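Visitor: I would like to learn how to read a model like this one feature by feature, with the general idea before the particular case. Could we begin with the covalent cross-links and then turn to the strands and the charged side chains?

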Amino acid sequence: QVQLVESGGGLMQAGGSLRLSCLATGRTFSNYVMGWFRQTPGREREFVAGMSWRGLTDYADSVKGRFTISRDDAKNTVTLQMNSLKPEDTAVYSCTTAGPYDTNNYYVPRRVYEYDYWGQGTQVTVSS
């Protein structure tokens, strides 16, 4: 059974940094895209960042230049380094997977329905 468990959320002042981690178990994630979404009450889940198995990354415009996604397939983990945090980054952050794709895939999906398994999420709160 595939499980995704996030950690690293918390409260931070604007301008600070947080590092989110996600441990994925239940299968190997070669040829899968790993991604992060976020959601605030009353709003739909929003794509934040994604990374293909080949290392291609994609970011939402709102986080580009501040957030960095990385993955360690040997440890089945995906990390989201968040710098220069803003109050509007406050949300529940969830990691997710999509695929499998061909070995040479360079596509990173951005839509919720393209992803299959989801973690429970971790709360990130940024104070002004």
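Guide: In this predicted model, a disulfide joins Cys22 to Cys95, with an S to S distance of 1.9 Å. The two cysteines belong to distant parts of the chain, since Cys22 sits in strand β3 (residues 18–25) and Cys95 in strand β9 (residues 91–98), 73 residues apart.

Visitor: How many disulfides does a search of the whole structure find, and is Cys22 buried or exposed?

Guide: The search of the whole structure returns one disulfide. Buried means under 20% relative accessible area, so Cys22, at 1% relative accessibility, counts as buried, and Cys95 is buried as well, with a relative accessible area of 0%.

Visitor: Turning to the sheet, what is the order of its six strands?

Guide: The general idea is that strands of a sheet pair through backbone hydrogen bonds, either parallel or antiparallel. Here the six strands form an open sheet in the order β2-β10-β9-β4-β5-β6, and the pairing is mixed. Strands β2 (10–13) and β6 (57–59) are the edge strands, each pairing on one side only, and from one strand to the next the twist averages 25 degrees.

Visitor: In which sense do strands β4 and β5 pair?

Guide: Strand β4 (residues 33–39) and strand β5 (residues 46–51) pair in the antiparallel sense, over five bridges.

Visitor: Now for the charges: how many salt bridges does the structure hold?

Guide: Side chains of opposite charge can pair when their charged atoms come close. The structure holds seven salt bridges, and one of them brings together the side chains of Asp89 and Arg38, at 3.0 Å from N to O. This pair links distant parts of the chain, with Asp89 in the loop between β8 (77–82) and β9 and Arg38 in strand β4, 51 residues apart. Both Asp89 and Arg38 are buried, and both take part in a network of salt bridges that also includes Glu46 and Arg66.

Visitor: Which residue forms a salt bridge with Asp58?

Guide: The partner of Asp58 is Arg110, and the closest N and O atoms are 2.7 Å apart. Because Asp58 lies in strand β6 and Arg110 in the loop between β9 and β10 (122–127), the pair ties together parts that are 52 residues apart in sequence. Arg110 itself is partly exposed, with a relative accessible area of 38%. Another salt bridge joins Asp61 to Lys64, with the closest N and O atoms 3.3 Å apart; Asp61 counts as exposed at 64% relative accessibility, whereas Lys64, with a relative accessible area of 48%, is partly exposed.

Visitor: Let us finish with the backbone. Which peptide bond is cis, and which residue has a positive phi of about 70 degrees although it is not a glycine?

Guide: The cis peptide bond runs from Gly99 to Pro100, with omega near 5 degrees, and Pro100 is located in the loop between β9 and β10. The residue with a positive phi of about 70 degrees is Asn31, which is found in the loop between β3 and β4. Asn76, also not a glycine, has a positive phi of about 55 degrees; Asn76 lies in the loop between β7 (67–72) and β8 and, at 18% relative accessibility, counts as buried.

How values were computed:
Residues numbered from 1 in each chain as written. Predicted model: local features only at pLDDT ≥ 70, side-chain atom pairs only at ≥ 80, totals over all residues. Heavy atoms only, no water. Disulfide = S-S within 2.5 Å. Helix = DSSP H or I, 4+ residues; strand = E, 2+ residues; numbered from the N terminus. Buried < 20%, exposed > 50% of the residue type's maximum accessible area, 1.4 Å probe, protein only. Pairing = 2+ DSSP bridges. Axes fitted to C-alpha atoms, helices over the stretch in contact; angles between N-to-C directions. Salt bridge = Lys/Arg side-chain N within 4 Å of Asp/Glu carboxyl O.
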